[in-house]
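Subject: Structure for you to look at

Hello,

Here is the structure I said I would pass on. Please open it first, then read my notes below with it on the screen.

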Amino acid sequence: MRLKTSLLKEPKHKELVSCVGWTTADELYSCSEDHQILKWNLLTNETSLIVKLPEDIFPIDLHWFPKTVGGKKQTQAEIFVLTSTDGKFHLVSKIGRIEKSVEAHKGAVLAGRWNYDGTALITAGEDGQIKIWSKSGMLRSTLASQGSSVYSVAWGPDSDRILYTSGRQLVIKPLQPSAKVIQWKAHDGVVLKVDWNSVNDLILSGGEDCKYKVWDSFGRLLYSSSSHDYPVTSLSWAPDGEVFAVGSFNTLRLCDKTGWSYALEKPNTGSVFTLAWSADGTQLAGACGNGHVIFAHVVEQHWEWKNFVITLTKRRTMQVRNVMNDAVDVLEFRDRVIKASLAYGHLVVATSLQCYVYNSRNWNTPLIFDLKEGTVSLILQAEKHFLLVDGAGLYTFSYEGRLISSPKFPGMRADILNAQGVSLSNDTIAIRDKSDEKVILLFDALTGKALGDGKPLTHKLEVVEIALDQCGPSTERKIALIDKNRDLYLTSVRHLGREPKISKIGSMVHSMAWNDAANILCGIQDNQFTVWYYPSTVFTDKELLPKTLYIKDGSEFSRAPHILSYVGTKVTLRQGDGSLVYSSVPPYPALLHEYSTSARWEDALRLCRFAKDQSLWACLAGMAMANRELTTAEMAYAAIGELPRVQYINFIKEQPSKESSLAHMLMFSGQGQEAEATLLQAGLIYQAIQVNVDLFNWERALELAVKHKTHVDTVLAYREKFLQKFGRKETNKRFLQYAEGVEVDWEKIQAKIEMELSKEREKAANASVRSSMAPRR
């Protein structure tokens, strides 16, 4: 990825250009110390003078009133705020008329910014004060005042916090009066510029120490650049939060959100004082110290999938290369490309007005449909359909271009959704709620309605990243989530009635991805690359989980790699320095998943014997138990030396009826209450009591016996035996009370138990006879 820059031969402004701002994706206004405001039209390459400002107004900062909020067009006339050296800010219309001038600060007003919905304006001045104004220009409050000039200010993602500079320090101040202020030393020189992105919640700062840095919203340093030759005078996040631009003397850089640099340009500009991205994130403009305005657009983005590599060569052209036979196709578009995604055999490209869907088997005939007003900020793909996110909402389309659904929820801000907070599978859409980050909203992808009873999934901590698995039936859909503590959890998406069980399967996990063809999860755990061959085993046999992992030492990767994709057996990682590395995962687990879903247990056993891998046997044991395939499970557990489990499986096989076996399988997975409920429902009171005795749930066993007026003596007998073994006396009042009136006779009890079991066998036999007779009638 790099920037393609363009400069005119002669500058249009006679003095330094202080600020620039886009009205549309092809129209820019620039202000200069020569008092002129110029309009640049990029479609016709014309520049026209809008207005010559009065001689006493020297502009410093310009910001257009936000055009759209949540996809709805603002009704107000198009105006911008212009701050100047005389301590005023001016509200200026599109034709250059100054609608209102407001005395704001002593000394120059160094920055002026609207919040995302245009309900408030913030200004910062040389007098060290930060003030908030209404959109008509009335003073609402003075947020802060300090001894040094505030050079730059930025709104937090939800407009509830402010970030500003204070000498070498950065300060995050919430608007609520009592909330905690975060302040930290950011640079070794004065901080000149800051920006805060609403999509990824990351902060950028640049200063006179010639460095730029990336921080998270808690003030933790994520990246620090090396020292440049000159102070960093400007920086700006692209709207989607994937890249940012940095400007310095004769220097323009394009960087990834993690900090490393994609490209460096050395244009003849003097210092770049302001950088501004167009709303669709495809163009960049810079205000230059020598009177020029520099324009740049991003080219040479790459997308990879299996044997295809796709490159954006020009704004409206892509090149597709098939690396197997070096065949090259060129794709032309009517408008410029804004977003693209390549996965599951399809390329989805969003331009400013249309969406193109290509099938990888045929690059000549795309399917084209028109898009609504909003610019697409995110494309997610699943095997059967894809999701487009624009400022107005989320839309699921089939690869034939049919709109399938459009989920909506209260307080939805689609413009700040990112790939970490949204996930798509063939039947489910999961979205992390921005207003409460512990909550994950789940929707049916085919109808757009909330799943189940409409209750979202709530975790105990803030969730950082979510991902839905891609395979298997919709009833078994699982979601993996990483929370603020970097713990990885797995839970079921569809659960009937009862609270879903959220099980922890990893810790210190920084990045994760599901495989595209099997439910295998990979992640960077601590410093190791870890693959969970069968994460769902945590629901059937928790202790198997560590045995089903594939772990690779992280020494082959540099600091903090990030997983981009996991397709087939290949995992693509992006290292901290921006280089791509590939890691391969053995192909056997995916085969095993395939055999298990199609119930080919013989083939699965053969595969495990061939591969001679303990982790495969452990996966097979988990899969077989989940599918209640006891014979296979017994062999798999034997192969990994889990003898107590083998014995328990034999015990399950010897159960007199189906209900008892089912109950003991639930017990095997640690679901004691469900097991008891199953037995009681089938009328097997003795078995239910026995289950509780085996678990030493004495109180519950006695309660059941008394309630159903049966086997009270059995419970007391076992309790007595248990106490004798440990040489204890009975202290429980309920047991003492019943012990007085019931005599314990082991022979009678044994006979009674035998009778219960034979009755159960008889009942089971009758049921099977009845079921075999039914078809004959």
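Lys-306 is in the loop that runs between strand E31 (302-305) and strand E32 (308-314). The model is a predicted one, so please read every value below as computed from that prediction. Although Lys-306 is not a glycine, its phi is positive, at about 50 degrees. Is Lys-306 buried or exposed? Lys-306 counts as exposed, because its relative accessibility is 54% and the cut-off for exposed is over 50%.

Phe-696 sits in the loop between H9 and helix H10 (698-707), and so comes after H9 in the chain. Among the buried ones are Ile-685, Tyr-686, Ile-689 and Val-693. The buried residues of H9 also include Gln-687, Gln-690 and Asn-692.

Next, the chain as a whole. The chain has 777 residues, and 54% of them are buried. Its secondary structure comes to 13 helices and 57 strands. The C-alpha trace spans about 110 × 65 × 50 Å along its principal axes. The accessible surface is about 35300 Å², and carbon and sulfur atoms account for 51% of that surface. If you take the contacts between residues at least 6 apart in sequence, 43% of these contacts join residues at least 24 apart. As for charge, there are 91 positive and 88 negative side chains, and the centres of the two sets are 2 Å apart.

Which residues does UniProt list for "repeat: WD"? The entry gives residues 102-134 and 184-216. In the model, residues 102-134 are 61% strand and 0% helix, and the end C-alpha atoms of this span lie 12 Å apart. Residues 184-216 are 52% strand and 0% helix, with end C-alpha atoms that are 12 Å apart.

The unreviewed entry also places the feature "domain: IFT80/172/WDR35 TPR" at residues 616-762. Over residues 616-762 the model is 77% helix and 0% strand. The end C-alpha atoms of residues 616-762 are 40 Å apart.

Asp-713 is in helix H11, which covers residues 712-725. Why does Asp-713 count as buried? Its relative accessibility is 14%, and buried means under 20%. Leaving out residues up to four places away in sequence, Asp-713 touches Val-742, Glu-743, Val-744, Ile-749 and Lys-752.

Ser-360 belongs to a loop, the one between strand E37 (354-359) and strand E38 (362-370). Ser-360 counts as buried because its relative accessibility is 14%. With residues up to four places away in sequence not counted, Ser-360 touches Trp-305, Phe-308 and Gly-345.

Val-17 is placed in strand E2 (residues 17-24). Val-17 has 0% relative accessibility and therefore counts as buried. Residues up to four places away in sequence aside, those that Val-17 touches include Ser-30, Cys-31 and Ser-32, and also Phe-273, Ala-287 and Val-293. Val-17 and His-664 are 647 residues apart along the chain, and their C-alpha atoms are separated by 77 Å.

Last, the cysteines. How many disulfides does the structure hold? The number is 0. Take Cys-255 as one case: the closest cysteine sulfur, in Cys-210, is 15 Å from the sulfur of Cys-255, so the two are too far apart for a bond. A disulfide needs the two sulfur atoms within 2.5 Å. Cys-619 is in no disulfide either, and the nearest cysteine sulfur, that of Cys-608, is 8.0 Å away. Cys-255 counts as buried because its relative accessibility is 0%. Cys-619 counts as buried too, because its relative accessibility is 1%.

Regards

Notes
Residues numbered from 1 in each chain as written. Predicted model: local features only at pLDDT ≥ 70, side-chain atom pairs only at ≥ 80, totals over all residues. Heavy atoms only, no water. UniProt positions renumbered as here; feature names shortened; annotations may be inferred. Helix = DSSP H or I, 4+ residues; strand = E, 2+ residues; numbered from the N terminus. Buried < 20%, exposed > 50% of the residue type's maximum accessible area, 1.4 Å probe, protein only. Contact = heavy atoms within 4.5 Å. Areas by Shrake-Rupley, 256 points an atom, 1.4 Å probe, with all protein chains shown as cover. Lys, Arg positive; Asp, Glu negative; His and termini not counted. Charge placed at Lys NZ, Arg CZ, Asp CG, Glu CD.
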